Amino acid sequence: MASPSELKLGQKLNEGKTKQIFELADEPGHVLVQSKDQITAGNAARKDQMEGKAAIANRTTSCVFKLLQEAGIKTAFVRQQSETAFVAAHCEMIPIEWVCRRVATGSFLKRNPGVKEGYRFSPLKMEMFFKDDANNDPQWSEEQLLETKLSLAGLTIGRCEVDIMNRSTVAIFEVLERAWATQNCTLVDMKIEFGVNVSTKEIVLADVIDNDSWRLWPAGDRSQQKDKQVYRDLKEVTPEAMQMVKRNFEWVSERVKRLLEPQASGRVVVLMGSISDLAHCEKIRKACSSYGIPCDLRVTSAHKGPDETLRIKAEYEGDGVPTVFVAVAGRSNGLGPVMSGNTVYPVINCPPITPNWGAQDIWSSLRMPSGLGCSTVLSPEAAAQFAAQIFGLSDHLVWSKLRASMLNTWVSLKQADKKLQACSL
């Protein structure tokens, strides 16, 4: 892996408590984010050197951003450059920390006396804090942020932008919460920051997400916490105590790699009654690939060759791979009912409806004999999405793609409305 020294660094753009940011002379619109070995607490009221922290933090951040990007969340992250640095899109940072909480603990309890530690927020509790070390990062309201009328990289932060960051923070938290649940870890709370990409003028997740950014409680037990709170809670900073803190950070950086691993392999098998339905089926396969789900296409007719249809069914049942069958048959749909009556795997009807007899043909997919549970979805893309929702119950990577898709659809509608309103004024 190339080191930062092999890149042509431009001017230093910023330096914080735990990182430095440099322009990249040979990559316009990009920066190098270089981590430090420093650990701090209380706006640097306490700070210490922790050898190896830069590499640990960089590994953690890189894995988290890869997970989010593969899901479809827009981030500034481009690539891990070295053990201690990564390349990101150049952003003008919005000076707000967005804090998302699932469990009440820490400063929330101090600001809200009477709330017991462990209170669970459903929906998630959202807070924002203005980045101002001199004033200890005061909590802000949405109204304060809107009235400030921040302008960054040519984008004014108004209602649309605040709503996008708010909604994005919730989605990002939920993706990471679900991922950490696969490791039997509770994501208690998390802080993130956004920036405006100077090239695209888009709001994207920026800065870092590492073990300084969240609270993690294995098995939901605070006494096992693995995050920076352990360092904050130290009564005395000793070499032995710092080794304990480092071991916790290393534990997180190793576990976070596992978040990129699928928890269960699955597949979609599309059964088409005729090769003439191939184009319809290819749309299902393409949509499945967007969720990372393998998809096989087979040709069989439950009317003309029921024995072969059931043989194909047994072939896929026999290897133990979780499977969703999609039956594609027009005219009289026998595939879906026959499959549903002979397998416990989910079956989805997705008939290729034609203009001439479609209104009549659809009933063979909708009116099932008793004891059959196959659903009917007309859109090929929607059939793939339904299959993904089934797999998402056990595979956090598929679930995260669905969650990010929901977010991106919402954001595109929000932005379209903003453009329309601007044209109407």
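Q225 touches L216, W217, P218, V230, D233 and N248, leaving aside residues up to four places away in sequence. This is a predicted model. The protein chain is divided into domain 1 (39-259) and domain 2 (267-394), and the C-alpha centres of domain 1 and domain 2 lie 42 Å apart.

**Around Q225**

- Q225 is found in the loop that runs between β16 (214-218) and α5 (229-232).
- The relative accessible area of Q225 is 12%; a residue counts as buried under 20%, so Q225 is buried.
- The side chains of Q225 and D233 are joined by a polar contact of 3.2 Å. D233 is also among the residues that Q225 touches.

- Strand β7 covers residues 85-89, and five of its five residues are buried, so β7 is largely enclosed by the rest of the structure.
- Both faces of β7 are covered. A85, V87 and A89 are buried on one side, and F86 and A88 are buried on the other.
- Strand β3 (residues 30-35) is joined to β7 by five bridges, and the two run antiparallel. Within this pairing, Q34 has A85 in β7 as its bridge partner.
- Strand β6 (residues 77-80) also pairs with β7 in the antiparallel sense, over three bridges. Here R79 stands opposite V87 in β7.
- β6 and β7 form a hairpin, with four residues between them.

**The parallel sheet and its helices**

- Five strands form an open sheet with parallel pairing, in the order β18-β17-β19-β20-β21.
- The edge strands are β18 (295-299) and β21 (375-376), each of which pairs on one side only.
- Strand β19 (residues 323-328) pairs with strand β20 (residues 347-349) in the parallel sense over three bridges. In this pairing, the bridge partner of F325 is V347 in β20.
- Helix α7 (residues 278-290) packs on the sheet and touches β17 (267-272), β18 and β19. The direction of α7 makes about 165° with that of β18.
- Helix α8 (residues 306-317) lies across β17, β18 and β19 and runs at about 160° to β18.

**The annotated PurE region**

- An unreviewed UniProt entry carries the annotation "domain: PurE" for residues 266-413.
- Over residues 266-413, the chain is 49% helix and 15% strand.
- The end C-alpha atoms of residues 266-413 are 32 Å apart.

Technical notes
Residues numbered from 1 in each chain as written. Predicted model: local features only at pLDDT ≥ 70, side-chain atom pairs only at ≥ 80, totals over all residues. Heavy atoms only, no water. UniProt positions renumbered as here; feature names shortened; annotations may be inferred. Buried < 20%, exposed > 50% of the residue type's maximum accessible area, 1.4 Å probe, protein only. Pairing = 2+ DSSP bridges. Domains from an automatic or database assignment. Polar contact = N/O pair within 3.5 Å; in protein donor to acceptor, adjacent residues only side chain to side chain. Contact = heavy atoms within 4.5 Å. Axes fitted to C-alpha atoms, helices over the stretch in contact; angles between N-to-C directions.
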